[in-house]
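Take a look at the chain shown here.

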Amino acid sequence: MAFFFDEPSRTFSEYLLVPNLTRRGCTPDVVSLKTPLVRHAKGTEPAIRLNVPFASAIMQAVSDDAMAVALARQGGISFIFCSQPVEAQAEMVARVKRFKAGFVASDSNMRPDHTLRDVLALRDCTGHTTMAVTDDGSPTGRLLGILTSRDYRLSTTPPDARVRDLMTPFADLVYGREGMGLSEANDLIWEHKLNCLPVITKDQRLVHLVFRKDYAEHKEHPDELVDRDKRLVVGAGINTRDFEQRVPALVEAGADVLCVDSSDGFTEWQRDTIRWIKDRYGDSVRVGGGNVVDAEGFRFLVDAGADFVKVGIGGGSICITREQKGIGRGQASAVIEVARARAAHLEATGVYVPICSDGGIVHDYHVVLALAMGADFVMMGRFFARFDEAPGRRLRVGGSFVKEYWGEGSNRARNWQRYDAGGETGLAFEEGVDGYVPYAGALKDHLSLTIGKIRSTMVSCGAVSIAELAATARITLASAISIREGGVHDITLKENEMLPGGA
């Protein structure tokens, strides 16, 4: 007969953390959020370690190259979505690896024969007032000059004036050479009182621009996640259908780690995909597997060679797998069981395999619960889809700004490979929806607030590291009444406009 689990399937919202003793030296500023991303022998350093325990979901609406850059600069990692052509995904990876903090690609460019009218049209489109002038108008063309808003007056300069007659010509420019460091570039900017420094190749082709305003901004990212060559770290999703073509292209583009993107990782197709990668590349290419919700699924993927395992089925805000198929498990129950299986595997083999809690996070404190229950990092979609850096359009709906957010199992994404059951190709029915999330502005501001809450919560638990939290946290089940008690109750709230300075 069928196997029945004795315990109910529980979510994070059914648990609370019980405070531990907070020592004098246990303060938010000393809390470390560093965490391993890939498997490693006990007592050794992992090949990749995150500076904050966050990964953005492998979704069209969440993880492109812009999100990957923004999150890596905060210390986390994005896995660029794979429901796109191989070449497009590889180019996104390459753009992240080409990114250099403080060095930006010129995305507002003119040719010498363009007019002031063209300049103003581009300015209105991009908001940029500094434009590189290249021979072909491309961001990597031969640099001929720089045009800024100081080079013309709207009230007197004719709209048909040519850029060549307005720009500062190359002969009068101060510039840097390809390969220079950011410190050297900033020294030139300060020495010559520049706002913008072009960086060129030996044959005068434009490579980057360095702006004075970016210097302070660069100093605000002490937790940047970079590789040995100081390039940002980026992950990429793959599927179990075209991996033989996709993986080599992503490796060539510079992807630091891969992850099989599947709603159900407990399949022979995923095992074969991971084994193919390990047989061909060994440990030079790291790959995560998932998703699973129990110990058996965890062991299956670890035996296949997975470098980390993603946990969670049906808990995402955009996912309707449980409604459509009745498949899944409460996220807390899944993480707890897989963490126990990981501990047993570590005891037996001496190898530590990180686990990622994917889905089911509604509140910031749920992240701490996931880490306390044994997850090494969390993967989120809705959280990141709200920000400027996410691919979805920002719209005004019902008087409020929102961002588009759609699931990989929706008719819009049509990522049938993620839900592949080995039959004919195509999306037989939807396992995700298409909707909106409240617009939240820049990633940095909101992620910093979430990280602040996490540090404070860990201090209340008496832990200054994720490992210490997982080893010493005390967790209690919460009744429905105690959950209700934890929110605002039995009072009448004042309206914001009644409060002094209310917004």
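## Helix 9 against helix 11

The axes of helix 9 and helix 11 come within 8 Å and cross at roughly 45°. Helices here are DSSP runs (H or I, at least four residues), strands are E runs of at least two, and both are numbered from the N terminus. Axes are lines fitted to C-alpha atoms, for helices over the stretch in contact, and angles run from 0 to 180 degrees between N-to-C directions. Helix 9 and helix 11 are therefore oblique to each other. Angles under 35 degrees count as roughly parallel, over 145 as roughly antiparallel, 65 to 115 as roughly perpendicular, and the rest as oblique. Helix 9 passes helix 11 in a right-handed crossing.

Which residues meet? From helix 9 come Ala-295, Phe-298, Arg-299 and Val-302; from helix 11 come Glu-337, Val-338, Ala-341, Arg-342 and His-345. By class, this contact of helix 9 with helix 11 has five nonpolar, one polar and three charged residues. Ala, Val, Leu, Ile, Met, Phe, Trp, Tyr, Cys and Pro count as nonpolar, Asp, Glu, Lys and Arg as charged, and the others, Gly among them, as polar. Contact means heavy atoms within 4.5 Å.

## The model

This is a predicted model: local features need pLDDT of at least 70, side-chain atom pairs count only at pLDDT 80 or more, and totals for chains, interfaces and linings use all residues. Residues are numbered from 1 along each chain as its sequence is written, and side-chain values use heavy atoms, with hydrogens and water left out.

## Helix 9 under cover

Is helix 9 mostly covered or mostly open? Helix 9 (residues 295-304) is mostly covered, with seven of its 10 residues buried. Buried means under 20% relative accessible area, exposed over 50%, and partly exposed in between (1.4 Å probe, protein chains only). The buried residues are Ala-295, Gly-297, Phe-298, Phe-300, Leu-301, Val-302 and Ala-304.

These buried residues pack against several elements, including helix 8 (268-281), strand 17 (286-292) and helix 11 (331-349). Just after helix 9, Gly-305 takes a positive phi of about 115°.

## Helix 1 against helix 14

Helix 1 (residues 65-74) and helix 14 (residues 443-460) have axes that come within 10 Å and cross at roughly 40°. That makes helix 1 oblique to helix 14. The crossing of helix 1 past helix 14 is right-handed.

In helix 1, Met-67, Ala-70, Leu-71 and Gln-74 meet Leu-443, Lys-444, Leu-447 and Ser-448 in helix 14. The residues of this contact divide into five nonpolar, two polar and one charged. An α-helix has 3.6 residues a turn, so residues three or four places apart point the same way.

## Two threonines

Thr-273 lies in helix 8. At 0% relative accessibility, Thr-273 counts as buried. Beyond its neighbours within four places in sequence, Thr-273 is in contact with Ile-238, Asn-239, Thr-240, Phe-243 and Val-260.

Thr-472 is found in helix 15 (residues 466-472). At 35% relative accessibility, Thr-472 counts as partly exposed. Leaving aside neighbours within four places in sequence, Thr-472 is in contact with Asn-20 and Cys-461. The C-alpha atoms of Thr-472 and Ala-372 are separated by 8.2 Å, though the two are 100 residues apart along the chain.

## The whole chain

The protein has 16 helices and 25 strands. Of its 503 residues, 52% are buried.

Conventions: Left-handed = near helix turned anticlockwise from the far one by under 90°.
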